[in-house]
Every structure is written in structure tokens, then in C-alpha cells.
Amino acid sequence: MAIQSETPYGAFNFLVSIGGDDPQDARAGFSEVSGLSMEIQVIEYRAGNDRTESPVKLPGLTKYGPVTLKRGMIGTLDLFEWITESAQSSTGSRRNVTIHLLNDEQQPAFTWKLRNAWVSKYSMGDLNASSNDVAIETIEIVHEGLILE
């Protein structure tokens, strides 16, 4: 689905869909997404009769980093309810999460899909009577797979 562009896409134009793939299913506007990452662990192996002095490096398990989503408090409890569901189930309340980076025409240019995601942490930003900041809630989700389209 990736659309090639002459200039890099802006990191400010994105949608997050929880439980669906369609950009129109976006639950709420998130102000920040961070932590989209994957890493392949390295296995080092050297046979005892190998004449080289360095081990062979083999690909091991793939690890996916936790993804952090932040948004302003909008009067819904859906994110807090998700972590509550996750805490009450031994397998967590798993959902697929889709993150769309949009082009200038508001169409998905790149799409990241997180498989079997569940909330591992919920936090509320500081409340301060002398501040002009928006009240921000944050969730950290863990997942079992990352696909980039």
C-alpha cells in the first residue's frame, strides 16, 4: 500500500484504529505514537572443531517493542476499560491495532499493523491548576507482530 513520494511524509498526519483496519474506524485522535520497533535476536554458535576463531551468527527470535499511544482526555473510558479487561483475563483483551501514516490527500501512505495487542500500562498525565496543558492519558501496548504495508 506504500505510495512513493518525492519528499518525506510528515510525522504529524496519522490515524490509529483499534480493532479494525479501516482508517474510518479510528476511535479518537491520538497526539503521539512511539515505539514502533522490531528486533531479531542474534544467536552465536561455534562448533568445537571449527577452525575459525569467531562464531557464526544466526537469526533468533523476533522481539517487538511496546508501543505508546497518547491522547487528550476526551470524555470516554475506552482506553481505561481496555486495560481493565486485559487485567481480568489471563490472555489479555487482545485487539489488532492499525496505524496509518497519511499523505497530503489524507489517504494512507504507510500502514503498520500490530497483531494481538493488549494494554500493559495506563497512565494519566499530571494535573496542575496553574498550567495551560491539555490533560493527556497514555497507554502502552504490547503485541505479537508488526507488519508494514
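This is a predicted model: local features need pLDDT of at least 70, side-chain atom pairs count only at pLDDT 80 or more; totals for chains, interfaces and linings use all residues.
Read from the N terminus, the order is β-β-β-β-β-α-β-β-β-β. The radius of gyration is 20 Å, well over the 15 Å that the globule rule gives for 149 residues, so the chain is more spread out than a compact globule. Its C-alpha atoms fill a box of roughly 70 × 45 × 35 Å along the principal axes.

Burial comes next. Of the 149 residues, 30% count as buried. The chain exposes about 9800 Å², with 50% of that supplied by carbon and sulfur atoms. Among contacts with a separation of 6 or more, 62% join residues 24 or more positions apart.

Now the charges. There are 12 positive and 20 negative side chains, and the centres of the two sets lie 10 Å apart. Side chains of opposite charge can pair when their charged atoms come close. The whole structure has seven salt bridges.

One of them joins Arg-95 and Glu-85 at 3.0 Å, N to O. Arg-95 sits in strand β6 and Glu-85 in helix α1, 10 residues apart. Glu-85 is partly exposed, at 35% relative accessibility.

Glu-144 and Arg-94 meet at 2.7 Å, N to O, in another salt bridge. Glu-144 lies in the loop between β8 and β9, Arg-94 in the loop between α1 and β6; 50 residues separate them.

Glu-149 forms a salt bridge with Lys-113, the closest N and O atoms being 3.5 Å apart. Glu-149 follows β9 and Lys-113 is in strand β7, so the pair ties together parts 36 residues apart in sequence. Lys-113 is partly exposed, at 22%.

Finally, Arg-71, Asp-78 and Glu-137 are linked in a salt-bridge network.

How values were computed
Residues are numbered from 1 along each chain as its sequence is written. Side-chain values use heavy atoms; hydrogens and water are left out. Helices (H or I, at least four residues) and strands (E, at least two) are DSSP runs, numbered from the N terminus. The radius of gyration is taken over C-alpha atoms; the globule rule is 2.2 Å times the number of residues to the power 0.38. Buried means under 20% relative accessible area, exposed over 50%, partly exposed in between (1.4 Å probe, protein chains only). Contact means heavy atoms within 4.5 Å. Accessible areas come from the Shrake-Rupley method with a 1.4 Å probe; for residues, only the protein chains shown count as cover. Lys and Arg count as positive and Asp and Glu as negative; His and the chain ends are not counted. The place of a charge is taken as NZ of Lys, CZ of Arg, CG of Asp or CD of Glu. A salt bridge is a side-chain nitrogen of Lys or Arg within 4 Å of a carboxyl oxygen of Asp or Glu.
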